[in-house]
Amino acid sequence: MPRKTGPTPARRTARRTGLGPVFRPLPAAIGDTDPAPELREDDAPKGFTAYEDRYVLFIDILGFSELIHQSAGKNPPLHGSVSAIFQALDWHFDGLGGVVDDFLDTLDLGSLGDNALRVHTFSDFVVATAPATPAGLATVLFTAFDISREWLSKKYLSRGGIARGQVLHRLEPGAAPMVFGPAFLSAYKLESQVADLPRIVLSQAVRKECDQLAEQAAPAGRFVRQLVRRCADGPHCIDVFAHLRRNGLALARDHLTEARQFRDAIAHHMEEAADTPNWYRKTDWLARRFNTAIRDTRYAHLRLDVDDD
């Protein structure tokens with residue numbers, strides 16, 4: 001009489017969870033089974049596409065974990081409330097295409113194209129990618145500048161990296177956002193291992209492309225010269241105060257309200273970091289950059305009580 005076998009691991013799991021046969025054992029690791037046949041093109045997942053050559057921005061909020069803990073408390077600071085955090089991360093990029101096109105028109109770089117700028121958020125970080133063209137480079141630089149200054153005006157310090165290379169970035173209705181690839185990893189490593197301070201740093205490849213664009217006398221060259229600056233410790237970074245400087249980036253006639261918000265945000269973080277040397281070092285660096293930017297401008301009276309950069 002044949003020996004009766006017990007339930008398979010999948011069925012034992014199903015009995016415990018009530019999920020039925022949806023749970024199946026994972027396939028054996030490669031090398032433990034016969035090699036799988038090559039995937040045919042028809043076997044590729046629906047919507048599958050290859051890597052694209054794109055610029056990648058990775059930017060996140062510094063001290064986010066502490067903000068989240070505060071948001072669950074009884075008396076969180078204003079910028080640490082659930083509502084404030086939600087508003088900071090609730091970027092509506094559906095209408096950004098027109099803004100970007102208007103911006104690119106001023107640089108004589110042409111239109112970026114439909115769905116060319118792809119942006120999505122997860123937890124405390126934002127990922128933005130654009131085609132590897134002069135228009136794409138200018139767009140990613142401008143997006144990094146716009147996000148970091150918006151966050152700073154709301155008392156959030158940011159840090160990030162911009163790289164160029166192979167990446168897959170899917171944004172489609174009805175599908176979860178997806179981003180991965182070597183360029184994404186490069187941008188993430190710039191943020192986590194190079195930036196250190198509240199700044200957005202450029203990879204060497206992106207920096208060289210910015211240098212080439214900056215040599216042009218055209219509006220695009222002027223834009224790069226105004227927005228990208230070299231830091232004393234080596235990396236090139238986005239100047240979040242570019243629009244406050246004398247003869248700086250022209251966005252509006254007056255930025256006094258925003259300059260006051262920047263000052264209040266930096267002063268707040270310096271006070272909070274008074275007993276935390278590493279955090280104070282980061283905010284002190286930003287304060288000195290702010291003071292240098294507003295020197296000899298109509299905002300000079302807002303300087304912070306630290307040495308200039």
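Predicted model: local features only at pLDDT ≥ 70, side-chain atom pairs only at ≥ 80, totals over all residues.
The structure holds eight aromatic pairs. Ring pairs also join Phe 58, Phe 122, Phe 125, Phe 184 and Tyr 188 into a cluster.

Helix H5 (134–153) comes next. H5 has 20 residues, and the distance from its first C-alpha to its last is 29 Å, close to the 28 Å expected at 1.5 Å a residue. Of the 20 residues, 17 are buried, so H5 is largely enclosed by the rest of the structure. After H5 comes Lys 155, which has a positive phi, near 75°.

H5 is one of the elements against which the buried residues of H10 pack. The others are strand S4 (158–170), strand S7 (228–230), strand S8 (236–238) and helix H9 (256–272). Which residues of H10 are buried? They are Lys 282, Thr 283, Asp 284, Trp 285, Leu 286, Ala 287, Arg 288, Arg 289, Phe 290, Asn 291, Ala 293 and Ile 294. H10 itself covers residues 277–294, and its 18 residues should span 26 Å at 1.5 Å a residue; the end C-alpha atoms are 26 Å apart, which agrees. H10 is followed by Asp 296, whose phi is positive, near 60°.

The remaining topic is a helix pair. Two packed helices are described by the angle and the distance between their axes. For helix H7 (residues 204–214) and helix H8 (residues 219–227), the axes come within 7 Å and cross at roughly 130°. That angle makes H7 oblique to H8. On the H7 side the contact involves Cys 210, Leu 213 and Ala 214, and on the H8 side Ala 220, Gly 221, Val 224 and Arg 225. By type, the contact residues comprise five nonpolar, one polar and one charged.

Terms used. Residues numbered from 1 in each chain as written. Heavy atoms only, no water. Axes fitted to C-alpha atoms, helices over the stretch in contact; angles between N-to-C directions. Helix = DSSP H or I, 4+ residues; strand = E, 2+ residues; numbered from the N terminus. Parallel < 35°, antiparallel > 145°, perpendicular 65-115°, else oblique. Contact = heavy atoms within 4.5 Å. Nonpolar A, V, L, I, M, F, W, Y, C, P; charged D, E, K, R; others polar. Expected span 1.5 Å × (residues − 1). Buried < 20%, exposed > 50% of the residue type's maximum accessible area, 1.4 Å probe, protein only. Phe/Tyr/Trp six-rings, centres within 6.5 Å; stacked < 30°, edge-to-face > 60°.
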